[in-house]
Amino acid sequence: MSGTMSFAVGLVAVVVFALLAPALQLTARARAWSFGPVTLLAIAAVVSHGLGVTLGIFVVPQFQYWDAASIFGFCVMAYVFAFGAVYKSVSLDILLGLVDRPGRRAPLSEIAETQVPGLFQGRIGNLVDGGLVEPVGSHFVATAAGRTMAGHVGRLRRAFGIGDTSLYDFSD
């Protein structure tokens with residue numbers, strides 16, 4: 001019985017996370033906090049997990065931490081994967097831009113010339129703000145932190161079997 005109650009505590013913590021994460025995102029935008037969205041997700045996860053464990057310790061006799069943590073971890077990871085799939089997706093921004101247009105269509109040249117540059121300027125802005133690249137004249141140069149990050153990413157891509165391929169392979 002304490003195992004079932006421990007799973008229930010994990011689910012309660014998931015509900016707290018699912019309410020807290022978007023609330024933090026909205027608050028951060030409204031108050032212009034400097035925390036990034038991923039950092040806010042991490043804060044929501046730590047706070048909701050801590051509240052869940054505290055609830056379990058005080059409410060469930062013989063609280064089974066790993067039962068609660070397993071359901072919490074699975075659900076939070078599913079949330080994070082879904083968040084990551086839609087967060088700053090260039091493809092989805094293009095799709096949303098098409099849906100908002102009259103006739104729900106636009107020529108490729110118009111998308112490439114008007115919408116895509118803004119999306120990529122936002123991305124380069126993130127890299128500059130993050131200290132990974134810096135503008136030098138009319139070019140951008142990777143900083144020492146950027147080169148270090150690129151090295152880490154390259155190793156992770158190889159470890160995951162991704163190599164140096166790209167989702168944007170236009171060779172066909």
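Okay, housekeeping. Because this is a predicted model, local features need pLDDT of at least 70 and side-chain atom pairs count only at pLDDT 80 or more, while totals for chains, interfaces and linings use all residues. Residues are numbered from 1 along each chain as its sequence is written, and side-chain values use heavy atoms, with hydrogens and water left out.

So, confidence. pLDDT is the predictor's confidence in each residue, from 0 to 100. The chain has a mean of 88, with 92% of its residues at 70 or more. Helix H2, residues 37-59, has the highest confidence at 95, and helix H4, residues 90-99, the lowest at a mean of 85. Then there's the stretch 168-172, where pLDDT is below 50; beyond near neighbours in sequence, these residues have one contact in the model, a contact being heavy atoms within 4.5 Å. By the way, helices here are DSSP runs (H or I, at least four residues), numbered from the N terminus.

Which H2 residues are buried? Leu40, Leu41, Ala44, Ala45, Ser48, Gly52, Val53 and Gly56. Buried means under 20% relative accessible area, exposed over 50%, and partly exposed in between, with a 1.4 Å probe and protein chains only.

Along with Val12, Leu55, Phe58 and Val59, Ile57 makes a nonpolar surface patch of about 510 Å². Patch residues have over 30% relative accessible area and no salt bridge, with nonpolar side chains joined within 5 Å. H2 supplies the largest share of this one, four residues.

Over in helix H1, residues 2-31, we have Ala28, which is buried at 7%. Leaving out residues up to four places away in sequence, Ala28 touches Trp33 and Leu40. Its C-alpha is 16 Å from that of Ala45, 17 residues along the chain.

Last thing: salt bridges, meaning a Lys or Arg side-chain nitrogen within 4 Å of an Asp or Glu carboxyl oxygen. The count is one. Glu110 pairs with Arg101, the closest N and O atoms being 2.4 Å apart, and Glu110 is partly exposed at 32%.

Key. Helices (H or I, at least four residues) and strands (E, at least two) are DSSP runs, numbered from the N terminus. Patches are made of residues with over 30% relative accessible area and no salt bridge: like charges are joined within 9 Å, nonpolar side chains (Val, Leu, Ile, Met, Phe, Trp, Tyr) within 5 Å. Accessible areas come from the Shrake-Rupley method with a 1.4 Å probe; for residues, only the protein chains shown count as cover.
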